[in-house]
Amino acid sequence: MLEDFGAELIINRLEAAGYEAYYVGGCVRNYLLGKPIDDYDITTSATPQAVCDLFKDLEFFTQGIKHGTVSLVINGAVYEVTTFRTDGLYSDSRHPNKVSFCSTLSEDLSRRDFTVNAIAFNKNKGFIDDFNGIYDIKHSILRCVGDADRRFSEDGLRILRALRFASVYSLEIEEKTKSAILSKAYLLKNISAERINSELTKTILGGNALTVLTEYKQVLFIIIPQLQTVEEVDFYFSWLANCPFKAELRFAALVYSCKNHFKEICDLLRFSNFSKNLIKKLIDYHGVRLSAKPYLKRLLAIFGDQISEFFDFEEAFALTLNDKDALNEISQARASVCEILQNNECFTLTQLAVDGNDLMSLGYNGAQISKALYLLLDAVINERVSNDKILLLDFLNENNG
Ligand code: ATP
Ligand code: MG
């Protein structure tokens with residue numbers, strides 16, 4: 001049942017004080033879809049001030065109060081309690097000029113983006129579904145509340161939210177909503193890079209990402225214009241969809257074909273440094289040989305414990321091409337890497353049996369030290385000498401001239 005201890009406490013107390021209060025938005029949608037519920041949104045006729053007064057005994061945050069939201073904390077979980085509101089006029093396709101509180105649940109539901117997100121519920125009144133969201137959920141349809149063109153013109157972010165919901169919940173976007181998305185896609189230019197990054201990440205991590213990206217590539221081209229001139233861009237969508245559900249892998253497949261514009265794209269999508277580094281490495285090392293141990297040791301030095309992600313990325317590529325030989329090679333490479341790790345075979349300077357101090361005491365200095373260490377590491381990796389101090393120093397004598 002859609003009943004949660006904290007949410008019930010809030011709704012009961014609001015009702016006892018004479019207000020209306022309902023579960024709304026993602027929690028109702030996910031309940032009806034049979035999906036896990038991440039957070040609870042509650043909509044109420046009580047003003048934000050009345051909510052604060054009524055829940056003085058609880059911890060709460062008021063940074064959303066301008067938009068009518070008070071965030072209440074119960075047992076560590078945050079409940080967003082928002083006063084019934086309408087969004088007024090939008091002048092910039094993103095921010096309502098002014099938020100006004102309104103008196104009825106119906107008005108509040110009508111400002112919501114999609115029918116599946118505009119269903120309210122409480123224990124006494126059951127589901128309140130003015131826009132037939134339950135029908136749409138049953139039939140896996142994503143549809144705007146009201147006139148689709150107008151709703152996307154009000155707030156361009158809804159375009160990406162639509163793709164996200166279609167991808168994550170495998171919903172089919174209804175015709176009018178679809179044509180409005182395509183004709184208003186240019187409005188995404190007004191949306192902040194952070195919002196785009198967050199919605200696009202969720203979209204590519206959805207189970208239905210391949211279909212959504214393929215059908216809505218025009219939208220993607222607005223976000224990442226560099227993709228526009230890529231030949232067979234659908235191939236890269238398939239590669240993406242064959243990757244595990246990990247953002248960096250999927251982004252690497254998506255932007256692989258524009259690797260010359262990597263920096264621009266990173267700036268555009270505001271990747272974190274962590275993501276940027278991993279995506280860049282995946283792209284740079286895609287397609288390298290995996291057939292011999294020295295190659296694998298170099299990859300291990302580069303990827304460290306992200307090596308299995310690199311293999312996943314390569315495997316997704318091979319799967320996309322249905323390349324059985326490559327798939328075999330990758331599974332053999334995985335086994336060899338396990339062996340290298342288990343045997344503690346040397347592939348980094350820290351594992352080398354000789355260090356800078358050893359070389360300093362032999363009279364090496366500055367740049368000579370690192371040059372010699374890399375020469376030894378290279379020789380160990382290529383199995384030209386064992387990782388043994390005496391043997392390494394002998395080798396150095398013979399080869400460093
Ligand atoms: P999730 O929490 O899984 O991301 P959600 O639907 O709950 O999904 P929220 O951003 O938490 O998304 O918003 C809660 C509700 O507020 C939505 O279900 C929708 O009814 C409404 N909403 C959110 N963003 C918009 C928007 N840009 N335009 C119109 N309504 C919106
Ligand atoms: Mg939510």
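A pocket here is an open set of points on a 1 Å grid over the protein atoms alone, with protein on both sides within 12 Å along at least five of seven lines, and a lining residue has an atom within 4 Å of a point.

Before going on, note that this is a predicted model: local features need pLDDT of at least 70 and side-chain atom pairs count only at pLDDT 80 or more, while totals for chains, interfaces and linings use all residues. Residues are numbered from 1 along each chain as its sequence is written, chains are lettered from A and ligands numbered from 1 in the order in which they are written, and side-chain values use heavy atoms, with hydrogens and water left out.

**Stop 1: the second largest pocket**

Keep the selection. The second largest pocket holds about 180 Å³ of space, where a volume is the space filled by probe spheres set on grid points that are joined across faces, edges and corners. Colour helices α9 (193–204), α11 (217–223) and α14 (262–269); each of them supplies at least two residues of this pocket's lining. Helices (H or I, at least four residues) and strands (E, at least two) are DSSP runs, numbered from the N terminus. By class, the lining of the second largest pocket has nine nonpolar residues, one polar and one charged. In this scheme Ala, Val, Leu, Ile, Met, Phe, Trp, Tyr, Cys and Pro are nonpolar, Asp, Glu, Lys and Arg are charged, and the others, Gly among them, are polar.

**Stop 2: the largest cavity**

Next select Leu160, Leu163, Leu200, Thr203, Leu213, Tyr216, Val219, Leu220 and Ile223, which line the largest cavity. Helices α7, α9 and α11 each give two or more residues to this lining. The biggest contribution, three residues, is from α11. A cavity is a set of grid points where a 1.4 Å probe fits but cannot get out. How many cavities of 30 Å³ or more does the structure hold? There is one. The volume of the largest cavity is about 40 Å³. Its lining divides into eight nonpolar residues, one polar and no charged.

**Stop 3: ligand 1**

The shell has 14 residues, and Arg29, Asn117, Asp155, Arg158 and Arg164 are the closest. Ten of the shell residues are charged, three polar and one nonpolar. Helices α2 (26–33) and α7 (157–168) each supply at least two of the shell residues. The largest share, four residues, comes from α7.

- Arg112: a polar side-chain atom is 3.1 Å from an oxygen atom of ligand 1.
- Asp113: a backbone N or O atom is 3.2 Å from a nitrogen atom of ligand 1.
- Arg161: an N or O atom of the side chain is 3.2 Å from an oxygen atom of ligand 1.

On its own, ligand 1 has 580 Å² of accessible area, and the protein covers 79% of this. Accessible areas come from the Shrake-Rupley method with a 1.4 Å probe; for residues, only the protein chains shown count as cover.

Stay on Arg161, which lies in helix α7. Arg161 counts as partly exposed because its relative accessibility is 24%; buried means under 20%, exposed over 50%, and partly exposed in between.

**Stop 4: two side-chain pairs**

Select Glu8 in helix α1 (residues 5–16). Glu8 is buried, at 10% relative accessible area.

Then select Thr115, in the loop between α4 (105–110) and β8 (120–122). Is Thr115 buried or exposed? Thr115 is buried, since its relative accessible area is 2%. The side chain of Thr115 makes a polar contact of 2.7 Å with that of Asp136.

**Stop 5: two positive phi angles**

Most residues other than glycine have a negative phi. Select Glu232, where phi is positive, at about 50°. Glu232 sits in the loop between α11 and α12 (233–242) and is exposed, at 64% relative accessibility.

Last, select Glu383, which has a positive phi of about 60° and is not a glycine. Glu383 lies in the loop between α20 (366–381) and α21 (389–399). With a relative accessible area of 53%, Glu383 is exposed.

Technical notes: A residue is near a molecule or strand if one of its heavy atoms lies within 4 Å of it. A polar contact is a pair of N or O atoms within 3.5 Å; within protein, one must be able to donate a hydrogen and the other to accept it, and residues adjacent in sequence count only if both atoms are side-chain atoms. Buried means under 20% relative accessible area, exposed over 50%, partly exposed in between (1.4 Å probe, protein chains only).
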